[in-house]
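Subject: Structure handover

Hello,

Please find the structure below. My notes on it follow.

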Amino acid sequence: MSMNRDDASSNARLLFFTGLVPLTILFVGSGVLHLLRPEPYLRIMPPFLPWPKALVWISGAAEIAGGTGLLWTKFRRAAAYGLVALLIAVFPANVYMAAAHVPFSGLMGASWAQWLRLPLQIPLILWAWYYARKDAPTPSAPVLPEKEGNIQGFTNDNRTSRSTQ
């Protein structure tokens with residue numbers, strides 16, 4: 001079974017948005033936690049940084065803004081670059097958590113888990129950076145198959161409906 005160009009384009013959009021939604025949920029959810037339950041984030045704040053509570057709130061607000069910004073084509077690149085910068089900026093807190101072995105209950109209380117968290121920052125950075133691409137798919141066309149029974153009769157090019165063909 002071969003795939004035509006429209007199918008490949010639809011598949012690319014589907015894959016693109018399948019990764020976008022979890023990334024958005026991850027950042028918005030984490031940002032909300034920064035604001036509602038700042039205590040764990042305050043504990044991993046390196047002591048040399050001033051105004052720890054303000055920094056936790058700012059990083060939480062930045063996560064929410066970046067995560068929601070990913071959903072709009074107009075803001076997606078800026079949001080993605082902002083999230084990459086944020087992930088780099090908060091890395092010292094992750095290093096401090098592991099180096100100082102900040103006590104936590106559960107899995108994140110294990111020293112090995114705190115050290116393992118450090119290299120996991122790289123895939124998160126690359127995941128956010130992926131959405132900063134200039135050639136990223138856009139939601140200008142619905143991801144629908146070109147078959148009978150399309151929702152509301154739209155084709156993949158989003159310019160003509162079946163009723164006008």
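The notes go from the overall fold to the core, the aromatic residues, the surface and the backbone.

This is a predicted model, in which local features need pLDDT of at least 70 and side-chain atom pairs count only at pLDDT 80 or more, while totals for chains, interfaces and linings use all residues. Residues are numbered from 1 along each chain as its sequence is written, and side-chain values use heavy atoms, with hydrogens and water left out.

Overall fold

The protein chain has seven helices and zero strands, in the order α-α-α-α-α-α-α along the sequence. Helices (H or I, at least four residues) and strands (E, at least two) are DSSP runs, numbered from the N terminus. Of the 165 residues in the protein chain, 33% are buried. Buried means under 20% relative accessible area, exposed means over 50%, and partly exposed is in between (1.4 Å probe, protein chains only).

Core

In soluble globular proteins, nonpolar side chains tend to be buried together. A nonpolar core here is a set of buried Ala, Val, Leu, Ile, Met, Phe, Trp, Tyr and Cys residues joined through side-chain atoms within 4.5 Å. The largest one has 16 residues, and Leu-23, Leu-70, Leu-83 and Tyr-131 touch the most other members. Helices α1, α4 (73-89) and α7 (121-130) each supply at least two residues of this core. The most come from α4, which gives six residues.

Aromatic residues

A search of the whole structure finds one aromatic pair. The ring centres of Tyr-130 and Tyr-131 are 5.0 Å apart and the planes are at 90°, so the pair is edge-to-face. Rings of Phe, Tyr and Trp (its six-membered ring) pair if their centres lie within 6.5 Å; planes under 30 degrees apart count as stacked, over 60 as edge-to-face and the rest as tilted. Tyr-131 is buried because its relative accessibility is 2%, whereas Tyr-130, at 35%, is partly exposed.

Elsewhere, Arg-43 lies over the face of Phe-104, 4.2 Å from the ring centre. A charge sits over a ring if NZ of Lys or CZ of Arg is within 6 Å of the ring centre and within 35 degrees of the ring normal.

Surface

Val-32, Leu-35, Leu-36 and Trp-57 form a nonpolar patch on the surface, with about 380 Å² of accessible area together. Patches are made of residues with over 30% relative accessible area and no salt bridge, with like charges joined within 9 Å and nonpolar side chains (Val, Leu, Ile, Met, Phe, Trp, Tyr) within 5 Å. A salt bridge is a side-chain nitrogen of Lys or Arg within 4 Å of a carboxyl oxygen of Asp or Glu. Areas come from the Shrake-Rupley method with a 1.4 Å probe, and for residues only the protein chains shown count as cover.

Helix α1 (residues 5-36) gives the largest share of the patch, three residues. Trp-57 is in helix α3 (residues 52-69) and is partly exposed at 43% relative accessibility.

Val-28 also lies in helix α1 and is partly exposed, at 22%. Its C-alpha atom is 9.1 Å from that of Ala-62, 34 residues apart along the chain.

Backbone

Most residues other than glycine have a negative phi. Trp-51, not a glycine, has a positive phi of about 50°. Trp-51 is in the loop between α2 (39-43) and α3 and is exposed, at 66% relative accessible area. His-101 also has a positive phi, near 45°. His-101 is in the loop between α5 (91-99) and α6 (111-117) and is partly exposed, at 34%.

Regards
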